[in-house]
Amino acid sequence: MRQATHTLTVRASGKGLHECTREVSDWVRQTGIHLGLLTLFVQHTSASLLIQENADPDVSADLEDFFERLAPESPTAYRHQSEGLDDMPAHLRSALTQTQLCIPVVDGRPALGTWQGIFLFEHRRAPGRRQIILHLSGE
């Protein structure tokens, strides 16, 4: 069995879904591992990871709108305000989604469905960089 790790940096332009399927798939191919399990972990408390449809941009827009309603920015709704109005809603959104994903690797590629993509879900307004740790075990 072989293992490989990599830190993927995603430049998020602000709130929303940022697809990173191509970058993840390229790295998996470069490892030479053809069969295994890929784990992704985002090292942040105000961003998350999703596998979601990547064909119709309305899906991303609807998800973003839903989370805006579910955890809105508010000057009075939350105690934690030290990093801005968007900080506590970002933590709530992250808690309701996922910080890690596990994806089988088959034939040297993540075994995603036809319409599935890997997304960083940025919950803060400001642009920034997010690190995703990739770990692949297999043969």
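Trainee: Is Phe 66 buried or partly exposed?

Mentor: Phe 66 counts as partly exposed because its relative accessibility is 39%. Buried means under 20% relative accessible area, exposed over 50%, and partly exposed in between, using a 1.4 Å probe and protein chains only. Bear in mind that this is a predicted model, where local features need pLDDT of at least 70, side-chain atom pairs count only at pLDDT 80 or more, and totals for chains, interfaces and linings use all residues. Residues are numbered from 1 along each chain as its sequence is written, and side-chain values use heavy atoms, leaving out hydrogens and water.

Trainee: Ok. And how many aromatic pairs are there?

Mentor: The count comes to two. For that, rings of Phe, Tyr and Trp (its six-membered ring) need centres within 6.5 Å; planes under 30 degrees apart are stacked, over 60 edge-to-face, the rest tilted. Phe 66 and Phe 67 make an edge-to-face pair, because their ring centres are 5.4 Å apart with the planes at 90 degrees.

Trainee: What about the rings of Phe 67 and Phe 121?

Mentor: Those two are edge-to-face as well, since their centres lie 5.4 Å apart and the planes stand at 85 degrees. Phe 67 sits in helix α2 and Phe 121 in strand β7 (residues 116-122), so this pair ties together parts that are 54 residues apart in sequence. Helices (H or I, at least four residues) and strands (E, at least two) are DSSP runs here, numbered from the N terminus.

Trainee: How do Phe 67 and Phe 121 score on accessibility, buried or exposed?

Mentor: Phe 67 is buried at 9% relative accessibility, and Phe 121 is buried at 3%. Ring pairs link Phe 66, Phe 67 and Phe 121 into a cluster.

Trainee: New topic: where does Ser 74 lie?

Mentor: Ser 74 is in the loop between α2 (57-70) and α3 (87-96). With 14% relative accessibility, it counts as buried.

Trainee: What does the side chain of Ser 74 reach?

Mentor: Its side chain reaches the backbone nitrogen of Thr 76 at 3.2 Å. A polar atom of that Ser 74 side chain also lies 3.1 Å from the backbone nitrogen of Ala 77. Polar contacts are N or O pairs within 3.5 Å; within protein, one atom must be able to donate a hydrogen and the other to accept it, and residues adjacent in sequence count only if both atoms are side-chain atoms. Leaving aside residues up to four places away in sequence, Ser 74 touches Gln 81 and Leu 85, where contact means heavy atoms within 4.5 Å.

Trainee: Helices next. Which residues of α1 are buried?

Mentor: In α1 (residues 21-31) they are Thr 21, Val 24, Trp 27, Val 28 and Thr 31. Seen down the axis, they fall within an arc of 140 degrees, so they line one face of α1. The arc is that of the directions from the helix axis to the C-beta atoms. Arg 22, Arg 29 and Gln 30 are exposed on the other side of α1. Just after α1, Gly 32 has a positive phi of about 80 degrees.

Trainee: And which residues are buried in α3?

Mentor: There you have Asp 87, Pro 89, Ala 90, Arg 93 and Ser 94. They cover an arc of only 160 degrees around the axis, which puts them on the same side of α3. Those buried residues pack against β4 (47-53) and α2, while Ala 95 and Leu 96 are exposed on the other side of α3.

Trainee: What order do the strands take in the open sheet?

Mentor: Five strands run β1-β8-β3-β5-β6, with antiparallel pairing. At the edges stand β1 and β6 (109-110), each with a single partner strand, so one side of each has no neighbour in the sheet. Strands pair if DSSP finds at least two bridges between them.

Trainee: How many bridges join β1 and β8?

Mentor: Eleven, between β1 (residues 2-12) and β8 (residues 128-138); Thr 5 has His 135 as its bridge partner in β8. Strand β3 (residues 35-42) is joined to β8 by seven antiparallel bridges. On that side, Phe 41 stands opposite Ile 133, and Leu 40 has Leu 134 as its partner.
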